[in-house]
Each structure stands twice: as structure tokens, then as C-alpha cells.
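Trainee: Please pick one part of this model and take me through it closely. Which residues face inwards, and which face out?

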Amino acid sequence: MGRSQHVRHKHPVVANARRIAARLEQIAKKRANRAAAAEAIGQRRRGCWSDEEVAVLVEKESELKKTGVKQINAAIARFLPGKTAKQVGSKRADLGRTPV
């Protein structure tokens, strides 16, 4: 019987604690690497709306409503690089600017 098998069978609490600690360290490293890579290429966390993007959304919404555009979410998304029509629609709903 190898040492790791012995530890796993005879000392399960210790073995599990080591395994969990190693896994948590692995996850932390992966998150740090992803954050560093995103920062290096100028990306920010997905799902976050900056104050400027929200301001553009509100401004363009009022402009486009006056012109009578049918697909307003898609039209607003054209002014917000990196945002889809679905994301724009969800944000408008979150802001209470459109009926759900």
C-alpha cells in the first residue's frame, strides 16, 4: 500500500483537509490568473455596467423612443460595444425603465 493510500484510509480527516486546501489554492490561482489576463487586455468583469454605459443607455433610450424605433434594445446595443440586445433589455428592466 502506498503512502497516499495509507493516509487516505487511516487518516481521512487529515487527507481531506489537505485535499480541500490544495483545491482552494488551485481555484484562487486560477481566478488570479484570469483577472490578470483580463486586466492585461483591458477587459473588465463580465456582467458589470459602468456608470458611463448606464448614462448612454438612458440617453439613447429617450432619443430612440422619440423617433419611434421598434427594436429599441437592439438599437441601444449598437451604441454600447460589448453589450447585446438581451443585456440591454435586462438592464432596462432592472432600472425599471420598461415593463417586464
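Mentor: Helices are DSSP runs of H or I with at least four residues, strands are E runs of at least two, and both are numbered from the N terminus. Let's take helix H5, residues 85-94. The model is predicted: local features need pLDDT of at least 70, side-chain atom pairs count only at pLDDT 80 or more, and totals for chains, interfaces and linings use all residues. Residues are numbered from 1 along each chain as its sequence is written, and side-chain values use heavy atoms, without hydrogens or water.

Start with confidence. The protein chain has a mean pLDDT (the predictor's confidence in each residue, from 0 to 100) of 87. In this chain, 90% of residues reach 70 or more. Confidence is highest in helix H4 (residues 72-77), at a mean of 94, and lowest in H2, at 90.

Now the inward side. Four names matter in H5: Val88, Gly89, Lys91 and Arg92 are buried, that is, under 20% relative accessible area with a 1.4 Å probe, counting protein chains only. They lie on the same side of H5, because their arc around the axis is only 165°. That arc is taken from the directions from the helix axis to the C-beta atoms.

Turn to the opposite face. Lys86 and Asp94 sit there, both exposed, meaning over 50%.
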